[in-house]
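User: I am new to reading protein models. Can we go through one by question and answer?

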Amino acid sequence: RNISPFLDPGPGTKANSLAILQLSRDNLQPVYLQPATGKHDGYAEGAVVNTRYGSFPHSTMLNVPWGSQIRASKVDTGSRGRKRKREGVDDACRDATGATEKDNEDSAALANDDSATAVKQAVADTSGFIHVLPPTPELWTTSLPHRTQVVYTPDYSYILHRIRARPGSTLIEAGAGSGSFTHASVRAVYNGYPAEGQRKGKVFSFEFHEQRYHKMKEELSDHGLDRLVQLSHRDVYNGGFLVDGKSPEADAVFLDLPAPWEALHHLSRRKPQTLPANSNGAATANQQTEWVSPLNPKKSTHLCTFSPCIEQVTRTVSAMRRLGWVDIDVVEIANRKLHTSRERVGLNLNFDRGVNNSPRDVEEALTRLAEIETRFREHAAKPGDGDEGMDLSDEDATPAAKNKAAGNGSQAPSTEDTSSGTAPWMEGRLITRGEPEIKTHTSYLVFAVLPMEWTEEDEAAAAAKYPIGK
Ligand code: SAM
């Protein structure tokens, strides 16, 4: 059975499957890895990802464990390869590293005549690397092609927790937008292969913008999520949330719409007595026929709406009150990310001519890089006690152990005493900074609950289960 890589990525990369390439910490690129066909675009390497860190043929990223580091190809590929082909340069002219004279000229030209940049480019081309990561909703949120504002991880993790999305839940979402929330919600409700009587978990998603609807449809199918997410092309203000006239029986609802109060009258258990102001008295499809609620009659419904302005919140809360929603609660997520790093005392590659310990010229930079590499190798070869990589900052660590883990103290920069046995990557002072730019747009989250209707049968069943006085 084919499970989406978002739900079960398996041990490693596969051909024709999605992988997320991490170029740098916040630079992620989604790629469908193509099988090595022997020839692609006229090149034996097959499809290639060209980055500022070098060229990465898909063939080098296939069938490797997730998280693998992939080194840049030593073989010239991609745009420069195509250029070379146009110019009729024969592959046989390559030297042992795979570079031709033409490549080296290209490399220098690319570097804008700035010798420092030229060396950086050359170093990147030969020693760059990336990591190949499995698709997850979090990585997809960071790397997806944005077609709208999206809901970011700090918000959706809190929302999914508050609306009680759990394996087996049925969730309604509108609008689907770029699908960021959709991917997180489908993982939350996915229930594997449930035993009889248990629910599978499903997301019913709605989007009225035609192109976005088609793009989302395509992505859901590519990601193997189309059986778990049923996407409808619909204006939910007028059309409501039934699918093929039937109730999705939703346990939870998330509305990321400009006017959530215009959709709320559809999320009722009974035909609402008062129609919303926007309907102009015209009956919607659902109001002309017998009223069918899109909500699960056997459970209370948990709802969240996501709105950037407080005026929208006021109108939403007002509609919620009139329609019988309770436990109404407004929350704003203020996420603050802290970035901790070690102040490098090794090599500052700014090439500002000797200032701040930077190398004076390219030759000095390369010599220092070689020294650092030798020290890394020597340290790796030494038998260790196994705790070199640990950050012992908790109460249990002894002062000596803490000092060792912090690279001779977290207050003062360590001096370069390589004979002390300090691992090169543990040198330098630890610095923590708040990140200036946070990837989440300020919005208000309105939560509310619509209690289940307690019927005579429910009362009788409860009385039978818990007889009074016994
Ligand atoms: N939550 C989405 C995400 O995480 O990627 C982003 C949603 S985006 C901010 C809002 C979406 O609602 C837009 O794509 C818009 O086309 C859609 N929309 C607006 N009004 C709608 C309506 N009446 N019915 C259905 N979709 C609607």
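User: How many residues of strand 11 are buried?

Analyst: This is a predicted model: local features need pLDDT of at least 70, side-chain atom pairs count only at pLDDT 80 or more, and totals for chains, interfaces and linings use all residues. Residues are numbered from 1 along each chain as its sequence is written. Strands (E, at least two residues) and helices (H or I, at least four) are DSSP runs numbered from the N terminus. A residue is buried if 20 or more other C-beta atoms lie within 10 Å of its own, exposed if 12 or fewer, and partly exposed in between, with C-beta atoms placed from the backbone. Strand 11 covers residues 301–307, and the number buried is seven of its seven.

User: Which residues of strand 11 point the other way from Thr301, Leu303, Thr305 and Ser307?

Analyst: In a regular strand the side chains alternate between the two faces of the sheet. Thr301, Leu303, Thr305 and Ser307 point one way from strand 11, and they are buried. The other way point His302, Cys304 and Phe306.

User: In which sense does strand 11 pair with strand 15, parallel or antiparallel?

Analyst: Two strands pair if DSSP finds at least two bridges between them. Strand 10 (residues 252–255) pairs with strand 11 in the parallel sense over four bridges, and Leu255 stands opposite Thr305. Thr301 has Leu450 of strand 15 as its bridge partner. Strand 15 (residues 444–450) joins strand 11 over seven bridges, and the sense is antiparallel.

User: How many residues of the shell around the ligand are charged?

Analyst: A residue is near a molecule if its C-beta atom, placed from the backbone, lies within 6 Å of it. The shell has 23 residues, and Gly175, Gly177, Ser180, Phe208 and His209 come nearest. Ala, Val, Leu, Ile, Met, Phe, Trp, Tyr, Cys and Pro count as nonpolar, Asp, Glu, Lys and Arg as charged, and the others, Gly among them, as polar. The shell has ten nonpolar and eight polar residues, and the charged ones number five.

User: What kind of peptide bond joins Ala174 and Gly175?

Analyst: Gly175 lies in the loop between strand 7 (170–174) and helix 6. Omega is about -15° for the bond from Ala174 to Gly175, and the bond is cis.

User: Which strands do the buried residues of helix 7 pack against?

Analyst: The buried residues of helix 7 (residues 210–222) are Met216, Glu219 and Leu220. They sit on the same side of helix 7 because they cover an arc of only 100° around the axis, taken from the directions from the axis to the C-beta atoms. On the other side, Glu210, Gln211 and Glu218 are exposed. With contact meaning C-beta atoms, placed from the backbone, within 7 Å, the buried residues pack against strand 8 and strand 9.

User: Is Asp327 buried or exposed?

Analyst: Asp327 belongs to strand 12 (residues 326–332). Asp327 has a positive phi of about 55° although it is not a glycine. With 12 other C-beta atoms within 10 Å, Asp327 is exposed.

User: How many other C-beta atoms lie within 10 Å of Arg164?

Analyst: Arg164 sits in the loop between helix 5 (153–162) and strand 7. Its phi is near 60°, a positive value in a residue other than glycine. Arg164 is partly exposed, and its count of other C-beta atoms within 10 Å is 16.

Conventions
Two residues are in contact if their C-beta atoms, placed from the backbone, lie within 7 Å.
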